[in-house]
Amino acid sequence: MTTYKKRKIIDKTMCSIAFLCAFLTLVPLISIFGYVISKGITSINLDFFIHLPRPVGEPGGGMSNAIAGSFILIGLSCLWAVPVGILGGVFLSEFGNNKIGATVRFIVDVLNGVPSIVIGIFAYTLFVLPMKSFSAISGAFALGVIMIPTIMRTSEEMLRMVPGTLREAALALGISQFRTTISIVLKTALPGVVTGILLAVARIAGETAPLLFTAFGNRFWHQNLNQPIAALPLQIFAYAISPFDDWHRQAWAGAFVLIVMVFLISLISRFALRRKI
Amino acid sequence: MKDEVVVSDLNAYFGNVRALTNINIAIKEKMATAIIGPSGCGKSTFIRCINRLHELVTNAKVSGKVLLGGSDIYSSEVDPIQIRRKVGMVFQRPNPFPALSIYDNVAAGLKLNGIKTKDHIDDIVEQSLKMSTLWDEVKDKLNVSGVSLSGGQQQRLCIARALAVKPEIILFDEPCSALDPISTAKIEELIFKLKQNYTIIIVTHNMQQAARVSDDTAFFLMGELIEFGKTQDIFTAPKDKKTEAYITGRFG
């Protein structure tokens, strides 16, 4: 009886500690959310979305160019990182049960851990130096490199979850390996693959370091993709370290918009995952 | 009756493990042939050699000859895809494609092989579903997902899917082992009907089922073909002691 009581006490204690730890992780998230929302919501207005930044000293203006720039950068990154990531995932899951697969998997995992500023330097030497200009393209390259590991590994996991019997059923109908992989296996895993893409997008939406010396930022509408382009995180960074109150206010508004964007993307990805195979 | 599938000296391996040893058998056209035997005796491996599905397993190997209508399916110039269109297969567990509708499940073999004429596909889908006796149950919901059907219906959907590519032979790998008795009866009835037009090879654990649906029966044990003959003879007067022991339930 005493051991039973002791066990019960230990059970209760451990349970409380576990709950406390779970709760503790929520504290920073909720406080960040609360702080950004309270600071941001008072600073945000329609002007913020439709106007360009004003020159120093002139109040008002907005970040329309940075919001558009962020979307352009995300779109450009997806344009090359999504196909590379998905096809890489297909390789790993369908043909990667060997040494080559294991090597690729290892390298991708290492790439996932490379600090994003290092990837920025890499993009800088590869694009900015030869082109002699900061550009949207170099920014999209850096962001794409950050996206690929996430997309590749989630695609692989999702494709692996497709039962082997479906592959056999398709092959037994005389469907080629290629069509089986694309039209049956990938199609079945699609909701999960889309989730992986959205997670990667949410991750790069807020990346600042790799954009510092690639996309660089721009106070005006971008001219073309070979030129510097504004991005929300860059604009927030520039405004937050400035000495002007009005710019601080706008930096909070930018942070608010960014956090809402990422939150919406995560929400959509949750929804996509729910109707999984 | 003509011989449709003639197998000579067939050996199948998983890596270094030999799963089938020197199988020689001639399966007759438009008849149902049952393959019986205890678990792990190579029944499934045997039928998977007939549609060249066995070789897809890592390190799997095949030697010997399988003649289909007189030509060897393992000769080097033969495309396995062409063989698989001639030899359909229905698996142990119903496995409709979950991402596809009922209609697209049946049409998959046509659409993904490049047939695009919609009227033609419509016709074949209807024919195939009628043949597999599923048409009346699904004709009003062809656009719903295939996995929304019951297990027995799903298995008939898989049969329709196999029929749609117009095979000559249909392999059944324990098609009823995951189904309830009523669904089982429906599938058996269907197989009985199908053998008028198709050559049927059915692997089964259920000896009553073998007796009900098949004309010929082959008994496999430890990767070898022990006895092959008329179903009636195998069940009433087996020549081999091991066959007798198995069908009377002394092992397996």
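Predicted model: local features only at pLDDT ≥ 70, side-chain atom pairs only at ≥ 80, totals over all residues.

Mentor: Residues are numbered from 1 along each chain as its sequence is written, and chains are lettered from A and ligands numbered from 1 in the order in which they are written.

Trainee: How many helices does chain A have?

Mentor: Helices (H or I, at least four residues) and strands (E, at least two) are DSSP runs, numbered from the N terminus. Read from the N terminus on, the elements of chain A are α-α-α-α-α-α-α-α-α-α-α. The count for chain A is therefore zero strands by this definition, and the number of helices is 11.

Trainee: What percentage of the residues of chain A count as buried?

Mentor: A residue is buried if 20 or more other C-beta atoms lie within 10 Å of its own, exposed if 12 or fewer, and partly exposed in between, with C-beta atoms placed from the backbone. The C-alpha trace of chain A spans about 70 × 65 × 30 Å along its principal axes. Of its 277 residues, the share that counts as buried is 41%.

Trainee: Which helix of chain A gives the most to the side that touches chain B?

Mentor: Two residues are in contact if their C-beta atoms, placed from the backbone, lie within 7 Å, and 16 residues of chain A are in contact with 20 residues of chain B. On the chain A side, α7 (164-172) and α8 (177-205) each supply at least two residues. With six residues, the helix that gives the most is α7(A).

Trainee: Which strands stand at the edges of the six-stranded sheet of chain B?

Mentor: Two strands pair if DSSP finds at least two bridges between them, and here six strands form an open sheet with mixed pairing in the order β6-β7-β8-β3-β9-β10. Within it, β9 (residues 216-221) and β10(B) run antiparallel and are joined by six bridges. A strand with a single partner has one side left without a neighbour in the sheet, so the edges are β6 (87-90) and β10 (224-230) of chain B.

Trainee: Which strand of chain B is joined to β1 by eight bridges?

Mentor: Chain B also has an open sheet of four strands, with antiparallel pairing and the order β2-β1-β4-β5. Its edge strands, each pairing on one side only, are β2 (17-28) and β5 (71-72) of chain B. Ser8(B) stands opposite Lys65(B) in β4(B). The strand joined to β1 (residues 3-14) by eight bridges is β4 (residues 60-68) of chain B.

Trainee: Are α3(B) and α6(B) roughly parallel or roughly antiparallel to each other?

Mentor: Axes are lines fitted to C-alpha atoms, for helices over the stretch in contact, and angles run from 0 to 180 degrees between N-to-C directions. The axes of α3 (residues 102-111) and α6 (residues 151-164) of chain B come within 7 Å and cross at roughly 30°. Angles under 35 degrees count as roughly parallel, over 145 as roughly antiparallel, 65 to 115 as roughly perpendicular and the rest as oblique. The two helices are therefore roughly parallel.
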